[in-house]
Amino acid sequence: MSCTVVLASVACGGQAFEEDTVAAEDLATTRQAAFSGVNGTVCEESPYNCKLRPSGGNRVQTNDTSDDDSWGIVTGVPIRDGNGTILGTSTRTRSLFNYGQTRTFAGELHAFATSTSNGSAGWLPMSAILGRTSFEEKVGHVSALSSGLSTMACYAVRNSHDTTLELKKVVYDSTAEHERAGDYLPLVRANGLRSVNLTFNVPGFGLGGVAVDHFPAGTKFQRLDVPTNSGAPSIDIPLWVQDSVGRYRQQSGTMKFIYGYVIAATGTRRNGWMAYDALEVSSGCP
């Protein structure tokens, strides 16, 4: 299947913005060889679409030989979003943490948990992690980069989401509980508020589909002109629904991901990918 790019300039509220339409490659059959890029040494489609680390999984690994990389955690600690805002109180006793993601909130070092009792990803204090010394030796540090990229339109995280997209899969023939389009949309969480993941890479490429931060509805997202193999400043992936035998192998539309950054309330700049469907055109990006 060939890849066709159509660029259009659209005016919205007096502000022009670019909407690029790319006919998605069938990623189930046309995977390209990985290459070394800006954000890592194992990248696909863009030098900014990479694994968190070149070998091993994208989680902070434990010493458990059963491949269970969940760490024990104490309950009763705050869960924070990327602004440092408390989303709720953690009630879980175990969690997975994505490699290389640490930030300081309220004077304490935190690590990024892939799932929390808020029904979302979030930041947990390292003091809550059992085996903290071992964790600190393994967590590492990785940040997505953006130096030299030109700015495009300003967006904000929507306070709604398209329910028809939520349960479609972002991975061909997925059998996982998640790997859904909803993982990249601003869903309502346990605290009653909407929030969304900022990711290190785009799902569907076998790179891990990892979230690296989490922000509430209304968060400003400054889009950047990111290079890709197709030439468009975005990456489209196919979405999958169940076929006649109940396997996610029937394509049903596509999902666009764009690259950019959020300036958190702490002043920290966080670069990464967001789903276009999670955003709306805005203004006033820092």
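Both Asp 213 and Arg 103 are buried, a term applied to residues under 20% relative accessible area, with exposed meaning over 50% and partly exposed lying in between (1.4 Å probe, protein chains only). The model is a predicted one, in which local features need pLDDT of at least 70 and side-chain atom pairs count only at pLDDT 80 or more, whereas totals for chains, interfaces and linings use all residues. Residues are numbered from 1 along each chain as its sequence is written, and side-chain values use heavy atoms, with hydrogens and water left out.

The structure holds eight salt bridges, each defined as a side-chain nitrogen of Lys or Arg within 4 Å of a carboxyl oxygen of Asp or Glu. One of them joins Asp 213 to Arg 103, with the closest N and O atoms 2.9 Å apart; Asp 213 lies in strand E13 (residues 211–216) and Arg 103 in strand E7 (residues 97–105), so this pair ties together parts that are 110 residues apart in sequence. Strands (E, at least two residues) are DSSP runs, numbered from the N terminus, as are helices (H or I, at least four).

Asp 213 also forms a salt bridge with Arg 270, for which the closest N and O atoms are 2.7 Å apart. This pair links distant parts of the chain, Arg 270 being placed in strand E17 (residues 269–275), 57 residues from Asp 213 in strand E13. The relative accessible area of Asp 213 is 0%, and Arg 270, at 8% relative accessibility, likewise counts as buried. Through shared partners, salt bridges join Arg 103, Asp 213 and Arg 270 into one network.
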